[in-house]
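Hi everyone, thanks for coming. Please have a look at the sequence and the model on the screen, and then I'll walk you through a few parts of it.

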Amino acid sequence: MRPAVRAARLSLCLVVASIAAADTAQTPKPLPVAPLSDDECAVWARELSFAASVAEHDAKAFAAHLHEQAAFGSGSPQPTRGRDEIARRWAGLIEGKSLRLRWYPARVTIGGARDIAWSTGPALYQKLEPGAEPRYSLGAYQSVWHRGPDGVWRVLFDDGLVPRPATEAEAMAFQNGRREACPRG
């Protein structure tokens with residue numbers, strides 16, 4: 001496939017992702033999800049694994065989920081580019097000493113390009129300092145995944161919505177909305 005066609009396809013994925021992210025920015029509620037294909041479920045599992053790498057403070061596993069030429073903050077004027085730079089910038093979040101970040105997929109879609117997938121879902125930020133206000137903030141993420149020649153899905157583009165303050169009840173709703181099992185077709 002020509003590079004220009006691939007770039008146009010990925011740009012379209014990002015536009016769709018940014019539009020759909022507005023849907024997941026509200027308080028997370030379990031959404032009815034159409035049955036997903038086996039490939040979409042593989043991305044669902046990979047997204048959960050990616051989130052687990054941060055929850056388990058595993059910088060090596062986090063980096064293994066990144067495409068070598070990934071771009072994070074892909075909707076910003078200055079995205080962070082490249083696996084090593086992204087891992088360096090995320091080191092504090094992965095350490096998890098002052099802020100805990102959790103997320104999970106709510107939707108995964110693969111279109112006509114079987115090696116590109118889009119995922120989105122809610123994200124919860126929790127400040128760990130005693131008495132921190134607001135303690136919780138709720139946002140959303142969207143990621144574009146690429147399946148490499150080795151068959152492994154890696155994040156190519158990632159972005160999210162600026163989190164807003166959230167209540168304890170919204171934080172519990174986030175936790176209760178998490179589904180480990182992919183809704184298979």
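Let me begin with a term: a salt bridge is a side-chain nitrogen of Lys or Arg within 4 Å of a carboxyl oxygen of Asp or Glu. Before we use that, a word on where the numbers come from. What you see is a predicted model, in which local features need pLDDT of at least 70 and side-chain atom pairs count only at pLDDT 80 or more, while totals for chains, interfaces and linings use all residues. Residues are numbered from 1 along each chain as its sequence is written, and side-chain values use heavy atoms, with hydrogens and water left out.

Now the overview. The protein has six helices and seven strands. Here helices (H or I, at least four residues) and strands (E, at least two) are DSSP runs, numbered from the N terminus. Along the sequence, they come in the order α-α-α-β-β-α-α-β-β-β-β-β-α. Of the 185 residues, 43% count as buried. Buried means under 20% relative accessible area, exposed means over 50%, and partly exposed is in between, using a 1.4 Å probe and protein chains only. Looking at contacts (heavy atoms within 4.5 Å), among those between residues at least 6 apart in sequence, 64% join residues at least 24 apart.

Let's zoom in on helix α2, residues 38–55. How far does this helix reach from its first C-alpha to its last? Its 18 residues reach 25 Å, close to the 26 Å expected at 1.5 Å a residue. That expected span is 1.5 Å times one less than the number of residues. Among the buried residues of α2 are Cys41, Trp44, Leu48, Phe50 and Val54. A handy thing to remember: an α-helix has 3.6 residues a turn, so residues three or four places apart point the same way. Just after α2, His57 takes a positive phi of about 55°.

Stay with Cys41 for a moment. Which residue does Cys41 join through a disulfide? The partner is Cys182, with an S to S distance of 2.0 Å. For a disulfide, we ask for a pair of cysteine sulfur atoms within 2.5 Å, and by this rule the count comes to one. The link of Cys41 and Cys182 is left-handed, with -75° about the S-S bond. Cys41 lies in helix α2 and Cys182 in the segment after α6 (168–177), so the pair ties together parts that are 141 residues apart in sequence. Both Cys41 and Cys182 are buried.

Back to salt bridges, where the count comes to eight. Asp38 forms one with Arg184, and their closest N and O atoms are 3.1 Å apart. This pair also links distant parts of the chain, with Asp38 in helix α2 and Arg184 in the segment after α6, 146 residues apart. Are these two buried or exposed? Asp38 is exposed, at a relative accessible area of 58%, and Arg184 is exposed too, at 51%.

Asp39 is in helix α2 and Arg114 in the loop between β4 and β5, 75 residues apart. Asp39 is partly exposed at 24%, and Arg114 is partly exposed at 39%. Asp39, Arg114 and Arg147 are linked in a network of salt bridges.

Val108 and Ile110 make up the covered face of β4, while Arg107 and Thr109 make up the uncovered one. Val108 stands opposite Ser119 in β5.

Finally, the inside. A nonpolar core is a set of buried Ala, Val, Leu, Ile, Met, Phe, Trp, Tyr and Cys residues joined through side-chain atoms within 4.5 Å. The largest such core has 33 residues, and those touching the most other members include Phe50, Ile86 and Trp145. Which element supplies the largest share of this core? It is α2, with seven residues. There is also a second, separate core of seven residues, including Ala113 and Trp118.

Definitions and conventions
Two strands pair if DSSP finds at least two bridges between them.
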